[in-house]
Each structure stands twice: as structure tokens, then as C-alpha cells.
Amino acid sequence: MKSGSRAAALAFFGAICASIANAARPSPLPWVLDFKSSVVDNAALAATFEVSYDELAGHLKQFSAAFIDARSAELFAAGHLEGAYNVPSDQMESFAGVIFQNVSPAQLIIVYCDGGNCEASHKVVEFLNASGFRNTRIFKQGWEMLGPSDLPKATGSEPMGSTGQSQGAP
Amino acid sequence: MTIEHHGAAKRALTALLCAGLAAVFVYAGALKILDPRGFVNDLRNYRLFPWWSLNAVALLVPWWEVLAGVALFTPRWRRAGAMMTGLMGVSFFLSVSQALLRGLDIHCGCFGHGEKAAQAGLKTLAIDVAVVAASWYVWRHSPAAAQRPAAFDESAAAALNSA
């Protein structure tokens, strides 16, 4: 059992190393997440579930995620990421049906809103999580960054550009 | 093959497996230590751990990987390192298996995080099985500390003297 106690000593030493290394980080991770707080209230938890612009662009290119635009229907119709579904945060129940029909609960879902400090995407993520869609991410910079970007976009009220017009198409 | 040759082959294979396991675990652990938030994301996708524990797991496991890998290079700690890599290999295998059985299409999170990260699949399971097998071999064929001469046991010596 000698190697067992040595392995336990290694595990304990690992915990000490992890504590020191984490404390030395510019923004240490909290060891225990406060799961009673909402995603919006817990900045550390929210930061954990964000995607970068490059990750988002990669998923859009490879069709490896579903996209949800959490802004109002008017703003969505004026321009959105190509293929994105519209689920306005103040009308989630009436708009979410299309998600339940077309998106698998296991699929990665990336949600965006206006950008900056908008909370719409957080509300939609909480709603999705409560509905069984737990593989969700937030693109915090939102339309503020996506709008001027080179990513493919569409206009109109339907997803996948079926009735909208792709801005990249001739 | 003579007994000496057989022993030398075993020692060479043990050393080779130690080096391979150590390289894999130190590399994998170092990548996760450098990007703990990415590893939290990967762990979350497995839907195996409660939310409150994700950060703790993401902070601890990479250091256990690195230390187990380093221990494999040290004869005195080799069996402990092999025990840790074996146990981690079993837990990785079980984690990936449950993800596959539940139909989760996720990155394995084994060697870093991001677009180029490997998907959790049968290849990941095969790697985990190889890790467990190699760990078992190293553990089995490394000399245990308990095999050192019993003459150093002072209480046993005292008992013999008093008899």
C-alpha cells in the first residue's frame, strides 16, 4: 500500500500547487461556483461560458453550432448572422418553438444580443438551460462586433436566409 | 532468451512506457494549466460534474497529470505515478464513454481546447485504454519500496533480539 499513500501525497501536493498557481493568476478562478446565483449575477460563471470571435467564426463556417439572435424582431429583420434564429428575450416563449423543433438539446448554441452590457443573451441562455438545452455559449461582444464584421449576414425575419437576402450574395 | 535478457527487455519496456506516459501527461496537464477556463468549458460539456465543482476539477486535474508524469521519472515515486496515471486513465475512459453513450458531440478536452481539439470518440477511448494498460505494466514491473531489505525494520530487529 506504499504506492497508494505516495499517490495520495502526490494528489495533496498537486492541490497545493494548483492553489498557488491559481492565486498567482491575474484573475483567479473561484474554487467553488456559487450555483445559487444566476448567470447574470455571477461574473465568473458568465465568463466561463463565453465564446471568442474566432470560435464563433469557426462554428459559423463549419455549421457546428446553432446561433440565436436575442435582439428584438425588428433589429433581427434589419440584419443578423446568416442562419441565426431569432428569440427575443422579452418574447422567448412565443419564439422558442423553432429552436425546440430544429435544434438538438445536445447541440452547441451560441447566443448574442446587441453587445456591451446587454442582458438579453443571458436571459435567453437561462431560458434554454431551463428547457434542457445546456450546451450554450454567449458571444458577449454581440452585434456591436458582428454587424461591421465580414461574417455572412442576412436580412428578413426567417432564419437560414430562406426569405431574407444574404448580404454577401451577388 | 535467457532470464537476464528477459529482465533487461522488461526494464527497457518499462522505461519506454514511463517516458511515453510522462510525456503525454505532462504535455496534457501543462496545456490545461495554461487555459483553465477552456478546460472548464470542456468539462461542462461532459455534463458529468455538478456546476459548483467544475472549477475545482479544472484546477486540480491538470496538476495531478503533471505531477504523476514527473513522478514516473523518479524510481522511488514511479509506482505512485503509475497508479495515478492508471486511475486518471480509468476516469477519462468512463467520462468519454458516458458522453458517447449519451450522444454528446463534444471535444474531449484531453490536449487543450479549441477548434483543433480532438472530438471525444473511439480514438479517445483507445488512447485511454492504452494509458491504463501502460500504467498497469509500469506499476507491475517497477520495484516496490516494500521490497527493500527487511533488516532496516528496527522493530522487527528488536523483537528478534529479545527472543
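## Chain B

Helices are DSSP runs of H or I with at least four residues, and strands are E runs with at least two. By that rule, chain B of this predicted model has six helices and zero strands. Its pattern along the sequence is α-α-α-α-α-α.

Chain B has 163 residues, of which 39% count as buried. Among its contacts with a separation of 6 or more, 67% are between residues 24 or more positions apart.

## Helix H1 of chain A

Helix H1 of chain A covers residues 2-23. Its 22 residues, at 1.5 Å each, should span 32 Å, and the C-alpha atoms at its ends are 32 Å apart, so the two values agree.

The buried residues of H1(A) are A:Ser3, A:Arg6, A:Ala7, A:Leu10, A:Gly14, A:Ala18 and A:Asn22. Viewed down the helix axis, the buried residues of H1(A) fall within an arc of 140°, and therefore line one face. An α-helix has 3.6 residues a turn, so residues three or four places apart point the same way.

Strand E1 of chain A runs over residues 66-69. A:Ala66 and A:Ile68 point one way from the strand, while A:Phe67 and A:Asp69 point the other way. In a regular strand, side chains alternate between the two faces of the sheet. In E1(A), residues pointing either way are buried.

E1(A) pairs with two strands of chain A. With strand E4 (residues 109-112), the pairing is parallel and has four bridges; A:Ile110 in E4(A) is the bridge partner of A:Phe67. With strand E3 (residues 85-86), the pairing is also parallel, over two bridges. There, A:Ile68 has A:Tyr85 of E3(A) as its bridge partner.

## A:His80

A:His80 belongs to strand E2 (residues 80-81) of chain A. Is this residue buried or exposed? A residue is buried if 20 or more other C-beta atoms lie within 10 Å of its own. A:His80 has 27 within that distance, so A:His80 is buried.

Beyond its neighbours within four places in sequence, A:His80 is in contact with A:Asp69, A:Asn86, A:Lys153 and A:Ala154. One of these, A:Asp69, is eleven residues from A:His80 along the chain, and their C-alpha atoms are separated by 7.1 Å. A:Asp69 is also one of the buried residues of E1(A).

Conventions:
Residues numbered from 1 in each chain as written. Chains lettered and ligands numbered in written order. Predicted model: local features only at pLDDT ≥ 70, side-chain atom pairs only at ≥ 80, totals over all residues. Expected span 1.5 Å × (residues − 1). Buried ≥ 20, exposed ≤ 12 C-beta atoms within 10 Å, placed from the backbone. Arc of directions from axis to C-beta. Contact = placed C-beta atoms within 7 Å. Pairing = 2+ DSSP bridges.
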